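Subject: Structure handover

Hello,

Here is the structure we talked about handing over.

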Amino acid sequence: MKTSSKNPLLKLVAILAVFAMIAAACGTDSADTTEGTEAPVTTDAPAPDATDAPATTDAPADPTMDAPEGTYAVGMTSDITTTNFWAYYNADGTVYNGYTLGITKPSMFAIEYPSISVVPLNASGLPAAPVEDGDNWTVTQAMLDNQKWSDGSSITANDVVFTFMAARDMGIGGTWLSAYPYNEEASPRLLDVIAVDDYTVQYVFDSKPGLGIWPHNVGTGPIMPEGAWGDAVAAAVASDDAVASIESADDSVDLSSGAFTLDTWEEGAFVVMNYNEHFIPQAHKAYSDGTIEIDGVQYYGSGGGDVTFDYSDGPFVSEATYSVQTDQAAAMLALENGENDFWITPLGVGTGLRQRGIDAPNLNFIANPNNGFRYVAFNTRKSPGSYLAFRQATAYMIDKEFLTQNVLQGAAIPLYTYVPQGNSRWYDADIAASISERYVGLSESDRVSLAVEALKGAGFTWAVEPTVDEDGVITNGAGIVDPEGVAVPDLEILAPPASYDPLRATAALWIEGWLEIIGVTSHATPTDFNTIVAAIWPGVGEEIPFDMYLLGWGLGNPALPTFHESFWHSRNLAETNDGNNSTGFNNAAFDAAADAILAAGTEDEAKVLIWEAEKILADELPYVVLFTTPVVEFYSTAVNYPYTSVLGGLQQVSGLPANAAK
């Protein structure tokens with residue numbers, strides 16, 4: 001929804017209507033999300049053959065065309081942490097790095113917004129079907145032959161081969177392991193990538209790749225420029241620490257295939273992205289029968305029904321700047337003053353600042369369902385987080401309805417599962433309800449009784465045991481001791497400060513209080529976002545000493561949720577592969593379920609498996625998922641976007657820098 005009304009009352013009525021609509025869609029006692037994005041794909045059928053489109057669908061950019069002029073000015077409340085794409089896709093995968101670096105690399109396929117469908121980007125046609133080849137399976141995918149890097153050189157099959165070999169030979173982890181699952185634990189495993197010719201790539205797998213591997217993950221993984229990085233990768237492979245070598249290499253050699261190239265990073269101040277003259281824009285069109293049209297070529301249908309969107313890429317400005325604001329109030333002030341055109345934040349605009357945006361005559365607003373969640377995580381490598389009973393007791397003590405409705409005054413929506421309700425194709429309301437029923441409606445005395453029962457059953461003891469008398473009066477516990485006879489130490493709960501996210505800062509304080517009731521002393525510690533990230537992902541082989549932390553995840557690709565494998569599979573442990581599994585969670589049943597999601601051959605099969613994984617997480621609780629919020633965003637009335645209604649908001653699509661027109 002978009003409004004340009006200058007009447008504050010009309011704007012207020014409109015935004016409240018949007019909140020009501022989103023709240024109704026998300027419910028109050030079931031799952032949604034808070035820092036990400038999700039939605040349906042258009043078909044359950046096997047991927048069509050790659051011959052659905054010609055090898056060339058765009059003319060090369062005309063060098064005589066006038067370059068765009070002007071600046072798209074974006075504000076953000078946290079800095080990036082690296083300009084090195086290898087590091088970003090390894091352990092530095094913060095959302096802010098993604099806003100700037102994530103838009104610079106090509107892939108075979110992309111997720112088309114707002115339809116959330118898989119469409120060709122550098123591939124020619126839709127994903128080719130896997131073919132059995134002896135003991136292995138192969139996918140032979142044609143590429144477009146006119147795509148360019150920002151230095152004017154061609155993007156070829158050799159770049160794809162180089163990227164796979166670099167990731168494999170350097171042993172780099174993180175999200176690289178999802179894009180190029182080279183390690184022996186991967187199932188299916190990507191054995192090889194071969195350049196059949198300059199514009200044909202063959203992927204070789206040890207077993208049939210399901211949708212979660214191809215086209216998702218491998219098909220949407222980044223491609224790196226061999227010409228820019230070949231020497232640095234060779235030096236890294238020959239070094240004692242390949243990953244450290246490549247992440248400290250000179251990244252000024254890097255190239256972009258996106259609408260912008262990274263020009264300048266002034267740490268703590270701003271990032272400047274410059275127009276890429278070799279970027280080839282696409283024309284996007286969709287119809288109500290599900291047809292997606294890219295540069296005149298139709299997929300998933302024959303163009304029946306009404307046109308649901310129709311736009312072409314820019315860029316329409318010569319540069320995009322990302323200014324680091326000190327806090328949310330400063331970000332809103334920069335919008336009000338016209339210094340910035342958009343404030344990009346995975347959190348959306350907090351309730352305390354929304355009225356200012358509504359009142360500002362130079363701002364429009366949008367509100368969208370979220371594709372992410374906020375959560376509290378346990379370190380399962382050490383006591384007490386290593387004990388399921390402690391995680392269960394914490395889950396019982398956290399009253400999400402009270403927290404979201406009373407403490408946070410309705411600004412958040414309680415969650416019990418991870419797949420967002422806004423992604424209707426993948427959400428299972430019945431299973432979500434069966435999980436939430438464990439907690440919804442419990443009184444405080446019920447919660448304390450259940451928490452104590454879980455802890456006692458596992459062998460926890462107290463100097464003073466928490467009790468609930470017959471009148472429901474609660475006596476706090478003290479001196480809790482774990483089943484090994486070791487006193488539970490004071491726990492530190494890391495959480496962003498209120499200036500960054502008042503919701504999580506407040507939640508951390510309440511969790512501290514709830515743990516105190518069951519005899520656990522803890523301290524909610526306001527900590528800079530990037531400092532928390534560094535503590536959770538300190539590097540391969542490093543000790544990971546945190547006790548508990550509160551952060552949020554955006555869920556990435558909404559066309560097929562594969563985040564379960566990324567966040568909790570044991571092959572993605574932070575200490576071994578710099579993976580996203582920060583908690584140390586290691587569960588064979590979950591690993592099998594996550595692998596099965598990736599191997600599923602149809603969406604219906606994948607959905608069943610996704611919810612098997614959800615049920616395991618609900619039982620094992622490496623996280624306690626807390627809540628989500630609608631993504632509320634404000635932007636300048638001087639800016640036009642091709643669409644503003646999208647799961648996760650404009651932040652989900654990096655603020656549309658290639659499409660923002662002024």
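Predicted model: local features only at pLDDT ≥ 70, side-chain atom pairs only at ≥ 80, totals over all residues.

Overall fold

The chain has 19 helices and 27 strands. The C-alpha trace spans about 80 × 65 × 50 Å along its principal axes.

Of the 662 residues, 58% are buried. Counting contacts between residues at least 6 apart in sequence, 73% join residues at least 24 apart.

Surface and charge

The accessible surface amounts to about 23400 Å², and carbon and sulfur atoms account for 50% of that area. There are 25 positive side chains and 87 negative ones in the chain. The centres of these two sets are 6 Å apart.

Aromatic pairs

The structure contains 43 aromatic pairs. Two of them are described here.

One is formed by Tyr203 and Trp214: the ring centres are 5.0 Å apart and the planes meet at 45°, which lies between the 30 and 60 degree limits, so the pair counts as tilted. Tyr203 sits in strand β7 (residues 200-205), while Trp214 is in the loop between β7 and α6 (226-238). The two residues are 11 apart in the chain, and the pair links distant parts of it. Both Tyr203 and Trp214 are buried.

The other is Phe309 with Tyr311. Here the ring centres are 5.8 Å apart with the planes at 40°, so this pair is tilted as well. Phe309 has a relative accessibility of 9% and therefore counts as buried. Tyr311, at 10%, also counts as buried, because the cut-off for that class is under 20%.

Trp510

Is Trp510 buried, partly exposed or exposed? Its relative accessibility is 34%, so Trp510 counts as partly exposed; the class covers values between 20% and 50%. Trp510 belongs to helix α14 (residues 502-517). Setting aside neighbours within four places in sequence, Trp510 is in contact with Phe402, Leu403 and Val407. Gly296 is 214 residues away from Trp510 along the chain, and the C-alpha atoms of the two are separated by 55 Å.

Regards

Conventions: Residues numbered from 1 in each chain as written. Heavy atoms only, no water. Helix = DSSP H or I, 4+ residues; strand = E, 2+ residues; numbered from the N terminus. Buried < 20%, exposed > 50% of the residue type's maximum accessible area, 1.4 Å probe, protein only. Contact = heavy atoms within 4.5 Å. Areas by Shrake-Rupley, 256 points an atom, 1.4 Å probe, with all protein chains shown as cover. Lys, Arg positive; Asp, Glu negative; His and termini not counted. Charge placed at Lys NZ, Arg CZ, Asp CG, Glu CD. Phe/Tyr/Trp six-rings, centres within 6.5 Å; stacked < 30°, edge-to-face > 60°.
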